[in-house]
There are 4 protein chains.
Amino acid sequence: MGKEGIRYAAKVSLDKPAAEQDCLHNRWHPDVPSYTTIKNNEVVKIECVDWTGGQIGNNDSADDVRDVDLTRIHYLTGPFDIETAEPGDVLLVEIQDVQPMQDQPWGFTGIFAKENGGGFLDEIYPKPAKAIWDFEGIFCSSRHIPGVRFAGLIHPGILGCAPSAEVLDTWNKREAELISACSHMDRDVALPPEPKNVHAGNAPSSIKDKIGKEGARTVPGRPEHGGNCDIKNLSRGSKVYLPVHVSGAKFSVGDLHFSQGDGEISFCGAIEMAGVITLKFTVLKNGMSDLAMKSPLYIPGPVEPQFGPGRYLYFEGFSVDEAGKQHYLDATVAYRQTCLRVIEYLRRYGYDDYQIYLLLSCAPIQGHIAGLVDIPNACTTIGLPMDIFDFDISPHAKAEKKDLGSCAKVGGGK
Amino acid sequence: MGKEGIRYAAKVSLDKPAAEQDCLHNRWHPDVPSYTTIKNNEVVKIECVDWTGGQIGNNDSADDVRDVDLTRIHYLTGPFDIETAEPGDVLLVEIQDVQPMQDQPWGFTGIFAKENGGGFLDEIYPKPAKAIWDFEGIFCSSRHIPGVRFAGLIHPGILGCAPSAEVLDTWNKREAELISACSHMDRDVALPPEPKNVHAGNAPSSIKDKIGKEGARTVPGRPEHGGNCDIKNLSRGSKVYLPVHVSGAKFSVGDLHFSQGDGEISFCGAIEMAGVITLKFTVLKNGMSDLAMKSPLYIPGPVEPQFGPGRYLYFEGFSVDEAGKQHYLDATVAYRQTCLRVIEYLRRYGYDDYQIYLLLSCAPIQGHIAGLVDIPNACTTIGLPMDIFDFDISPHAKAEKKDLGSCAKVGGGK
Amino acid sequence: MGKEGIRYAAKVSLDKPAAEQDCLHNRWHPDVPSYTTIKNNEVVKIECVDWTGGQIGNNDSADDVRDVDLTRIHYLTGPFDIETAEPGDVLLVEIQDVQPMQDQPWGFTGIFAKENGGGFLDEIYPKPAKAIWDFEGIFCSSRHIPGVRFAGLIHPGILGCAPSAEVLDTWNKREAELISACSHMDRDVALPPEPKNVHAGNAPSSIKDKIGKEGARTVPGRPEHGGNCDIKNLSRGSKVYLPVHVSGAKFSVGDLHFSQGDGEISFCGAIEMAGVITLKFTVLKNGMSDLAMKSPLYIPGPVEPQFGPGRYLYFEGFSVDEAGKQHYLDATVAYRQTCLRVIEYLRRYGYDDYQIYLLLSCAPIQGHIAGLVDIPNACTTIGLPMDIFDFDISPHAKAEKKDLGSCAKVGGGK
Amino acid sequence: MGKEGIRYAAKVSLDKPAAEQDCLHNRWHPDVPSYTTIKNNEVVKIECVDWTGGQIGNNDSADDVRDVDLTRIHYLTGPFDIETAEPGDVLLVEIQDVQPMQDQPWGFTGIFAKENGGGFLDEIYPKPAKAIWDFEGIFCSSRHIPGVRFAGLIHPGILGCAPSAEVLDTWNKREAELISACSHMDRDVALPPEPKNVHAGNAPSSIKDKIGKEGARTVPGRPEHGGNCDIKNLSRGSKVYLPVHVSGAKFSVGDLHFSQGDGEISFCGAIEMAGVITLKFTVLKNGMSDLAMKSPLYIPGPVEPQFGPGRYLYFEGFSVDEAGKQHYLDATVAYRQTCLRVIEYLRRYGYDDYQIYLLLSCAPIQGHIAGLVDIPNACTTIGLPMDIFDFDISPHAKAEKKDLGSCAKVGGGK
């Protein structure tokens, strides 16, 4: 009578390479073998490694960030077969809890080198950097960014069901077209299938080879299934509605974040961590048609940290780039400008730009589309919660430069 | 002892053409004559016409929207000289209240014809349409979009200080370059100075001619001063920090909105109205340098309607357009897709697409940047407050088609 | 087509004695003549005088508070007949807006003398005092309590439907019994019917005499109909469900408050004002039985000022009185202690006790029942929003005494 | 470098009688031996048993509630010496997290028999009853009260520092006076020291005897130190400021609640559980004088479940008791009436009264003091969050009786 502890559908080891664990995989492909089966309406716990599979250490050097191997990332836990799920259904996933690993109460935020991963501001800030965050119950703080502390909005960066062969084919074609069309650009615009370091649970080598050749990379979210949406609000108590494309759904989850700002701008921008997530799965038969669903839906949980609207300082950015060039209704350009405005503002207190870049990536900032129709300017805004600072950053208080240390940089030394 | 009623710095007439009122103007230019002077730290009331200057009627036809004359819009009240304000200062504007005109408790939302103004979705929805909203205290509802009702987040679409000659010159150059660079596109990408129907208060004709030739159009917000930012949260109780570029600041305000969604997607997308705004002006000497300010800042007020996070239904959109083409980290494309996802969802209840397009423009939807670094997909989200509907739109309740009428269309007839 | 301005169901004059205005009355009695009729589902505006009927002036002396004539108070606007309302129905009143009078943007908070009205702390603070509040849009501030400013949670202190003869009889009997049982106490415990200064609209003198003899005083709220509930959250956007006891409902409203704290502890503790309220009336047939209703229900509106839970400083009080005497689960004693704890805390900044007593009465403090079962101690709490102060009152910031002036006292002089 | 898992200052066993565990005690007394020492500014985890020490089982009978031994309750973990804390200091306790025991994801709410513990409504509902709650991550639901589910506002019911001998003496005297003064009442009004089943950690028998004779019972909160305040908002992220009366502070904590409503009306009214709490301790030297502190202060955390003000249904109660007798400004009587109003309302859906009584005790209801000065009526309100129900309980939706089972009762059987 009553419940025992909740069943673990998968446990990971933090001491063993991710590539050797059967419950993990790092490509989206319908043929990744199901790790185990979960009942409809069942609640389970699932453990996840951090998205780099343990490549980043709790130390004061960014050498590990500089050297990160991007073919060995995004190890997801799963896939899981959900009983009764069939293509055309919707899988309702309730995120009942997310927690860091009990024995590893810390996480990291990284700025990747422009030539190895990069990020939203890499033209301006091309060097690798890192901040380590210590978890104190619901709060976190960092020795690399003193003066701030906030409650986590813990969430999975990635969750989704496997693509069907047809969906996968669509992805590969349209992304290949983009790569082809952008061959003149000096940067990666998308990542094609890559056999190197593919991991597909306990798939036999023939299947694994196939997955290496065809499997979609896990970096982008995609409209048909969600995936790496990096939506900061998919936190405790939220409900996510996911399209099902294959029999059993083949659900996977990973890339847990202790906190993230809208945009996750430094790419490895959330507070990345290993942890455990408690999920309830419910199959909604024929849900895609009933809900007219082409992309996932979600409803946030009721326990998001709340500061009150008047405790946010908002910055505005427009689609005029840093060289003064006017762009046409380009919200991406506008958001980059908004980020720069925050950096300029916070720099006044003694933070260096890399510290702020890291902070904007992981703190619970609100990134809004404000106006997208007033030609030629898109306008976006960023709301910075003033209460995460232990000094007064409101415009009416005089800014004084302090010694605020520095983030971890290449070569180390705080 | 004690206060009398608050002084009106400007009153408008709703019965007289906007172009004949000395307290109005419709270009940004340093030479528009100051209408009157306001003291530092003074609180005043300022009346504003609706942004079309009364071209749209409270009726059931969209003919007026189709025929709107876009050279006769955006009549702003002002400019006002604020005592002691000098270039380099910041003008702190506290929005103490905004109200519709007592005798005109209604407003409108319009979809402009693709060939006359257009909007964010005009490739898909090119026809003119309109909804009239009746104000019921803090709430509004529309006979053209039955089943919804919400509290207004009343705000001015436009506020800002005049550009200096140098700033104006920068604007004109960079927008001209865009126009020139986009000459192959079949649509306006920016609006150059336009002498036709210029209005500059009581400026003598020589000045007015100059303003017509050089004055910046009021449609876009611009980073240097704000302007038409269309930020829905600049509502009661908010504080806005504006850069000052000319002596006296020459502050103007207009384009009042009873409510607006993030993006204001149908262009005339807010609930447009005439009304009165109560403002307090405070000059922060040397504020631009002290605050390292390149674009306006603001802090929202404490009385925004609050629904609780769990009362929003969120939709996701990605930078894959409706033709299936992959774009590179394009938040504008992603936001358009997000809008389409909401339309597909709400269509299930019997709304027609134009009704939903109007609703998305003016209801207090939250438009967020979610992810902007996971190549190649940008991801944006829209949070739709479920409590604005008088029926249950949550995914767990079965959708039933109802007769939900229609918005005002060309030729009229509800 | 469309709406004109909203109809006024009653207008008051601030220049004429309340006792001479037909739309006002100051007793609850079924025979007060209906002032006018309002349709079911109609929206109307109703003007109200302040609850003292203009006895208190905007000045720096508390002489008027000391001398207030308590037989000439609580002039309510109405009663209004609501079409179709019958006994047993419920009258749903939606408060669509409440505003101060345009030309009188100020209000007052008073501490009544112990021997003339008194208040919750009159054993400790027996002297009259007053604060005048200036309205600045949604905000208010007072020259008598410097350092604080907050958004109003504007609401009517009193609204309700007339009692039937039976209900009135019940009231008179049970309150007479209390008066009789408490005859040994040195203070009024209830107010019996009082013919002096009775006002009953345009009732002929015979009816007026009857009302004087039988009419219930307006001071207390009462379970059967609501009345003077002084619930701070009945603000813009809220819905109130009121029992109907007589044909036509005979609804009345008055005693508008710009703001009030839970408990309204100084009796004249809200920020009292004259103003106009916009109401929609809907009759729910047979509602009392359908809703099993013995006392009013309400649902607050969505625009309450929100500070975030972490922006409140909470004080605890227990049912041990200031003499050290233990009381048994007495929440009233506990709440008095909680109030005293706040006074002791805020006194450290230089406020005098009367200023704090006034502030606690009118600022949006949250008064909670915490524990009521842990014998012998009841525990209540008060949440003080820290953001209403323009200096930091959090416990971690050192308190420094400032010159914070004083409230208006007898004899005047700031 | 970086943090390991957080240190446990005390662990409890759920398989061993509470009375045999050295880290537990069940009286307030300065001589209870310190269990261990915690550094100033240290973060530790502390495990706690449920307040009955395991007397209540996860089953469908209320026999265990009927038979509960009230001398064997409130086993607190501690006391802990905090380094540097001295009398006159304030101990700042930050509640960084609270969680149920991993392997025991359930809790209980009980209605005690009138003759064995009783509760706020025991005159009306004298029989024992129980509900078992299953924890699903941040949510809970009960097979004994179907149709409701909510996020926990997890908190400790009891925390405080030990009294000094003088403070203890004050307590014993004033409570003895109450007991003496109320000897005519047919119920316990307070609990005097009780040697039976005293537990004092590993105290030698002479000390234990002394504690038995003098030690204050843990049932009530008390103004001088806090104790059993049962404040539902002392949840994750909150900060509590506690007076220190003895050297080392001798801090204790226990009686964890997964959720509780304001008032905790059924006495064993929270969702009682065993669990682990993460606390940070900071000593504020001379804090009692600096903060003018007579009773604890607290600041809630930022992650309280938020529903939006318009999602609460509020009930009003007045100080007229259920027999129709008028009481004088008695908030306790008013709150009882408010509770009864909720019961009458929810009964319409098919719940039995005992189910609702349990629900009101443990669900996150808001209990407010509304008016306390309008003689003779006190008015209190209860805000019931409508979103905890899986059907629509708003007044506009027709109530239909359902089969909603029953709570656990004596003799069992669902």
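A crossing of two helices is called left-handed if the near helix is turned anticlockwise from the far one by less than a right angle, and right-handed if clockwise. In chain D, α5(D) passes α6(D) in a right-handed crossing, and α5(A) likewise passes α6(A) in a right-handed crossing.

The model discussed here is predicted, so local features are reported only at pLDDT of at least 70 and side-chain atom pairs only at pLDDT 80 or more, while totals for chains, interfaces and linings use all residues. Residues are numbered from 1 along each chain as its sequence is written, and chains are lettered from A and ligands numbered from 1 in the order in which they are written.

Two packed helices are described by the angle between their axes and the distance between the axes. Helices (H or I, at least four residues) and strands (E, at least two) are DSSP runs, numbered from the N terminus; axes are lines fitted to C-alpha atoms, for helices over the stretch in contact, and angles run from 0 to 180 degrees between N-to-C directions.

| Helix pair | Angle between axes | Distance between axes |
|---|---|---|
| α5 (331-346) and α6 (353-362) of chain D | about 130 degrees | 9 Å |
| α5 (331-347) and α6 (353-362) of chain A | about 125 degrees | 9 Å |

Angles under 35 degrees count as roughly parallel, over 145 as roughly antiparallel, 65 to 115 as roughly perpendicular and the rest as oblique. α5(D) and α6(D) are therefore oblique to each other, and the angle in chain A makes α5(A) oblique to α6(A).

Two residues are taken to be in contact if their C-beta atoms, placed from the backbone, lie within 7 Å. In chain D, α5(D) contributes C339(D), V342(D), I343(D) and L346(D) to the contact, and α6(D) contributes D353(D), I356(D), Y357(D) and L360(D). For the classes, Ala, Val, Leu, Ile, Met, Phe, Trp, Tyr, Cys and Pro count as nonpolar, Asp, Glu, Lys and Arg as charged, and the others, Gly among them, as polar; the contact of α5(D) with α6(D) has 7 nonpolar, no polar and 1 charged residues. In chain A, C339(A), V342(A), I343(A), L346(A) and R347(A) of α5(A) meet D353(A), I356(A), Y357(A) and L360(A) of α6(A), a contact that divides into 7 nonpolar, no polar and 2 charged residues.

**Domains of chain A**

Chain A is assigned domain 1 (8-299) and domain 2 (309-409), with bounds that come from an automatic or database domain assignment. The C-alpha centres of these two domains of chain A lie 26 Å apart, and 31 residues of domain 1 are in contact with 26 residues of domain 2. On the side of domain 1 of chain A that touches domain 2, β7 (106-111), β8 (129-136) and β16 (267-272) each supply at least two residues, and the residues of that side comprise 15 nonpolar, 10 polar and 6 charged.

**How the chains meet**

For comparing chains, copies are superposed by least squares on the C-alpha atoms of residues with pLDDT of at least 70 in both. The same surface serves both copies, with 100% of the contact residues of chain B recurring in chain C.

The contact between chain B and chain C takes 30 residues from each of them. On the side of chain B that touches chain C, β6 (90-100), β8 (129-136) and β17 (275-284) of chain B each supply at least two residues, and β8(B) gives the most, with 3 residues. That side of chain B divides into 13 nonpolar, 10 polar and 7 charged residues.

Chain C can in turn be laid on chain D with an RMSD of 0.0 Å by a turn of 180 degrees and a shift of 0.0 Å along the axis.

**Backbone features in loops**

Most residues other than glycine have a negative phi, and most peptide bonds are trans. I375(B) and P376(B) are joined by a cis peptide bond with omega of about 0 degrees, and P376(B) is found in the loop between β20 (366-371) and β21 (379-385) of chain B. N41(D), although not a glycine, has a positive phi of about 75 degrees, and is found in the loop between β3 (36-38) and β4 (43-48) of chain D.
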